[in-house]
Amino acid sequence: MIFGCVQPIEFDVPPAESLVIVEGYISDQDEEYTVTISRAIPLSVDSLKKPPVENATVRLYDDENNIEDFQEVSPGVYKTGGAIQGQVGKSYHIRIELEDGTIYESEPDLMKPVGNVEEIRYEFEARTEEQNFVNARKDVFNVYIDSDAGPGFGNYVRWRFKGTYRIVTNPELKVEVLPWSDLPRPIPRDCSGFRIAGHPSGSGYILVQERDCTCCECFVTQYEKAPQLSDDLLIADKQFNNVKVGEVAINNIIFYDKYLVEVEQMSMTQTAFEFFKLIRIQKTEASNIFQPPSGELIGNVFPVNSDDRVLGLFWATATSKKTRFIQKSDIPYQLTPTETIPESCTVFFDHSTTVQPESWN
């Protein structure tokens, strides 16, 4: 036992670097373009929220010397006003100057043409998962697409998957339990349009509706967990066939109504492709102990007047989009009724809005 002792090794761990992170792109769509600037956080920090970099000067340049300034709309988030719209065949880059005078620039990125998503289809898959020693249903719809690769050769493609579902909640039924009473006291959310009033009998409370609810119906968006790229797919006659781009879980909340699938096909250069490829590897293989090292992320943003480290990508993309609904009736069995949710839908669900998407009909 004496010879089996382990000698501890003590060493100093260097502090985490204040790494600047830049994220943004320009497309051929008539929209505001966004750049977010933040700083990396050390692993020892409990919060997952990255500190924003505020009060920076951000400018967008094209290859014809046109310039547009970004405006900071929220801490660390910068948007354009529409003076420059991306065009296929042109190159774009940004220049960032921080409050302390540090300057970063991205390499010019060429906007390449893009093909079209021709078909979206889905297939039911029965799955189970052990929960508390019982096999629980975890069925899904697998979503596949067929698309053309677009004009030219050597095209790099990203497919961005997004799903939206509708849900209705009951914020007027929110209650609180008081220490001196066994009966819960109603505290309807203001947005529900209800208020509490004394019961006519003189004992207890009733709910009185004064106006329409503004937080009962929400549209909740679900985003992809990792970027879907074209690198490991076989292509024939410039066609991508049977590409799986996402999964939709089947339960009585997501399918309260129907489910809107939206797939964007995005063109990219090899630089952007390699960046997103490493992101995908890190996200999908992080739990695999046999996964070889994926390498450090290398973007196209670099310091100009300092040795500070920066990680980021500003890329140019042409996009095309296709949508399709998955109907509740496509589920091969009856779902149980959706449970009552006594809360504002915008509070209860992340990535939710009361504004109906344009594609919803």
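Let's begin with Cys-191, which counts as partly exposed because its relative accessibility is 22%; here buried means under 20% relative accessible area, exposed means over 50%, and partly exposed is in between, with a 1.4 Å probe and protein chains only. Cys-191 is joined to Cys-215 by a disulfide, S to S 1.9 Å, where a disulfide is a pair of cysteine sulfur atoms within 2.5 Å. That pair links distant parts of the chain, 24 residues apart: Cys-191 sits in the loop between β16 (184–186) and β17 (194–198), and Cys-215 in the loop between β18 (205–209) and β19. The elements are DSSP runs numbered from the N terminus, helices being H or I with at least four residues and strands E with at least two. Cys-215, at 3% relative accessibility, is buried. The link is right-handed, with 75 degrees about the S-S bond.

A word on the model: it is a predicted one, so to speak of local features we need pLDDT of at least 70, side-chain atom pairs count only at pLDDT 80 or more, and totals for chains, interfaces and linings use all residues. Residues are numbered from 1 along each chain as its sequence is written, and side-chain values use heavy atoms, with hydrogens and water left out.

How many disulfides does a search of the whole structure find? The search finds three. Another one joins Cys-213 and Cys-216, with sulfur atoms 2.0 Å apart. Cys-213 is partly exposed at 26%, whereas Cys-216 is buried at 16%.

Then there is Cys-218 with Cys-345, sulfur atoms 2.1 Å apart. This pair links distant parts of the chain, from strand β19 to helix α2 (residues 345–348), 127 residues apart. With the bonded cysteines numbered in sequence order, the pairing reads 1-3, 2-4, 5-6.

On to salt bridges, meaning a side-chain nitrogen of Lys or Arg within 4 Å of a carboxyl oxygen of Asp or Glu. The count comes to 20. One of them pairs Glu-343 with Lys-174, closest N and O atoms 3.4 Å apart. These two are 169 residues apart, Glu-343 in the loop between β26 (319–326) and α2, Lys-174 in the loop between β14 (156–168) and β15 (175–177). Glu-343 is buried at 9%, while Lys-174 is partly exposed at 22%. There is also a network of salt bridges linking Glu-125, Arg-127, Lys-244 and Glu-247.

Glu-247 takes us to the second largest pocket, as it is among the lining residues closest to the centre, along with Lys-225, Gly-246, Val-248 and Ala-249. On a 1 Å grid over the protein atoms alone, a pocket is an open set of points where a 1.4 Å probe fits, with protein on both sides within 12 Å along at least five of seven lines, and lining residues have an atom within 4 Å of a point. Which strand gives the largest share of the lining? That is β22, with six residues.
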